[in-house]
Amino acid sequence: MALGGIKKGRNTVFVIIAASLALAATSFAEHRSELWKALVSGSIVKDPTRTAKTARSYFEYIGSVTNESHRISRPHHHNNVTKNMSIVLVTSAPAIEPNSETVDSSPKSSDEEDEDEGIDEDKDKEEDEVDSSSSSSEEEPPKLYHLWHMPPHLSSKGQNPNVGSPTELNQTSIDLLENAARNGLTPSEGCNNATNETETWCEKQGCWRTFEINSTQMPSDTTCKTLWFAGFSISTSSECREGGYGGYRNDYAVALQSARLNAKDTLQPVLLVGKYMMEDTSLPSVVEWAAAQGVIVITVDELSFQHLIHTKLVKYNFRADTMGPYLRIDIPWIIGEFNLMNLPGICDRHVMYTDSDVAFVNKITQYDLDKLKQQIAPSTDAYALYGHQTKSSGRPINSGVMLFDVYRFAESWHSLLDFGYEKGPFLSFDQGWLNDYFMSTPERSLNRTLLENEWNWKSYWRLSPNEWHQVKIVHFHGPKIGKALESMAHCDRTDHVNATFGKTYASLVKNGICCDQSMTAKFMLDLYYELSPPRSIKC
């Protein structure tokens with residue numbers, strides 16, 4: 001398929017695709033490299049929005065014709081503003097062999113592809129001359145994502161030699177979790193000894209409604225593990241707070257420890273470590289420690305839409321730690337970059353994302369995850385499942401725990417970035433962005449659905465009439481270590497909470513004390529201390 005006689009412009013890509021469709025059924029493999037060079041070449045991306053949609057339709061059609069599997073490939077022009085980003089579903093991409101070194105899965109150069117496909121050099125001389133003016137002046141895309149560690153059971157190339165050995169779980173923390181699952185929680189001692197003043201203080205507190213949890217369990221045929229993503233930026237905001245506890249590094253360590261006990265057979269942890277503006281900073285010891293526990297560790301120098309964050313998305317001044325909340329938006333491309341869905345024993349299509357400040361407080365079974373996956377694509381129009389904010393009722397708002405369909409998310413990714421470019425900035429970082437996007441049209445509102453409360457439980461919610469063993473994940477939303485959780489756990493209604501953390505935290509603390517007798521808060525505070533690794537690791 002010679003390109004020499006075709007005039008470059010907006011319609012070039014449609015000429016290429018039309019010609020390629022005619023050849024697809026009989027000789028797609030022979031002409032795939034020419035098409036790919038054309039699609040990723042800067043010389044034809046004059047209208048990337050239309051290019052992306054047309055390319056996606058083309059590759060979906062080719063997949064149906066050739067019955068070949070698909071994987072997601074990140075946008076080639078990922079450093080430009082959203083208008084220069086495109087989504088392409090690439091057929092029959094070679095599997096990427098994960099290892100402990102940096103992995104480059106960016107599209108191959110023309111010479112490499114010609115060699116792989118066995119294309120005669122003379123036959124493509126005319127094409128190479130046509131493309132040379134653009135490709136020679138274009139720099140290779142930087143490696144934004146780096147596979148820092150792949151566990152031995154997922155990689156034929158073995159473990160990073162520097163990550164050490166797994167650590168044993170503290171028996172006290174195991175006993176704490178198992179005893180709570182068996183016997184339930186008890187009120188905080190501070191609430192048992194509540195004064196008349198505290199009782200009077202609580203008289204006017206209206207407790208939020210608590211819905212009953214359906215904890216039915218059934219056998220499941222699922223044997224694969226679902227990818228569980230979490231992440232943080234290595235900026236100072238992730239460091240331990242005064243006293244050696246708190247901070248996102250410590251939070252993630254607690255989340256991982258709890259998952260090792262309660263989700264070891266169902267979830268494969270993946271840690272995203274944001275390094276934007278911190279490229280010269282060494283990885284904290286908690287990252288190496290996490291790798292030793294079997295975590296896939298991926299470092300992210302910058303996001304594929306980093307420029308959009310600076311110019312359109314962030315309402316206030318950009319800081320290094322601002323990268324952290326946006327890491328989840330790039331998950332489809334990170335999965336494609338390292339072909340994570342094709343790793344042995346990994347479930348296809350669906351992934352879980354949580355904020356770093358969660359804990360898996362009871363067993364996560366395959367049936368639990370099966371039920372969640374049935375609520376989203378391909379079974380329904382929705383592809384994102386997430387929960388309530390502060391009150392335990394209403395529409396989906398809090399995205400601290402999410403389950404989503406990767407392929408449907410990737411299809412809407414370009415639309416999401418366009419919306420961010422046109423409507424930003426947003427409150428609450430990517431959560432506000434996602435919520436505004438899903439609420440922007442009736443059609444988009446069908447693309448998300450409500451996650452049951454037990455998957456994003458809050459420490460200030462009333463547990464009754466449910467039992468503790470029915471709760472799956474507790475999210476330290478609002479009150480955290482060093483930020484009013486201690487006050488709530490000890491049934492402390494002093495003015496310190498009001499003065500330090502404002503009316504929002506004060507109302508949450510009051511709800512936890514008056515409506516839950518601080519049962520959940522006290523248990524989560526004890527669990528946090530027990531699951532935290534030594535300071536030399538987490539800080």
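The structure is a predicted model, in which local features need pLDDT of at least 70, side-chain atom pairs count only at pLDDT 80 or more, and totals for chains, interfaces and linings use all residues. Residues are numbered from 1 along each chain as its sequence is written, and side-chain values use heavy atoms, with hydrogens and water left out.

Cys-207 forms a disulfide with Cys-515, the sulfur atoms lying 2.0 Å apart; a disulfide is taken as a pair of cysteine sulfur atoms within 2.5 Å. The torsion about the S-S bond of Cys-207 and Cys-515 is about -95°, so this disulfide is left-handed. The pair joins distant parts of the chain, 308 residues apart: Cys-207 is in the loop between helix H7 (196-203) and E4, and Cys-515 is in helix H18. Helices (H or I, at least four residues) and strands (E, at least two) are DSSP runs, numbered from the N terminus. Cys-515, at 10% relative accessibility, counts as buried.

Four disulfides are found in the whole structure. One of them is formed by Cys-191 and Cys-491, with 2.0 Å between the sulfur atoms. Its S-S torsion is about 95°, so the Cys-191 and Cys-491 disulfide is right-handed. Cys-191 lies in helix H6 (residues 189-192) and Cys-491 in the loop between helix H17 (485-489) and helix H18 (495-516), 300 residues apart. Both Cys-191 and Cys-491 are buried. A disulfide also joins Cys-224 to Cys-347 (S to S 2.0 Å); with 100° about the S-S bond, this link is right-handed. Cys-224 is in the loop between H7 and E4, while Cys-347 is in strand E7, 123 residues apart. The relative accessible area of Cys-347 is 2%, so Cys-347 is buried.

Strand E7 (residues 346-354) has seven of its nine residues buried. E7 belongs to an open sheet of eight strands in the order E3-E6-E5-E4-E7-E10-E9-E11, with mixed pairing; two strands pair if DSSP finds at least two bridges between them. Strand E3 (145-149) and strand E11 (448-450) are at the edges with a single partner strand each, so one side of each has no neighbour in the sheet. From one strand to the next, the twist averages 25°.

E7 pairs in the parallel sense with strand E4 (residues 225-233) over four bridges, and Val-351 in E7 is the bridge partner of Leu-227. E7 and strand E10 (residues 398-405) run antiparallel and are joined by five bridges; His-350 stands opposite Asp-405 in E10. Strand E9 (residues 384-387) pairs with E10 in the antiparallel sense over four bridges, with Leu-385 opposite Leu-403 in E10. Helix H14 (residues 406-423) packs on the sheet and touches E7 and E10, its direction making about 105° with that of E10. Axes are lines fitted to C-alpha atoms, for helices over the stretch in contact (heavy atoms within 4.5 Å), and angles run from 0 to 180 degrees between N-to-C directions.

The secondary structure of the protein chain comprises 20 helices and 13 strands. Of its 539 residues, 56% count as buried.

Conventions
Buried < 20%, exposed > 50% of the residue type's maximum accessible area, 1.4 Å probe, protein only.
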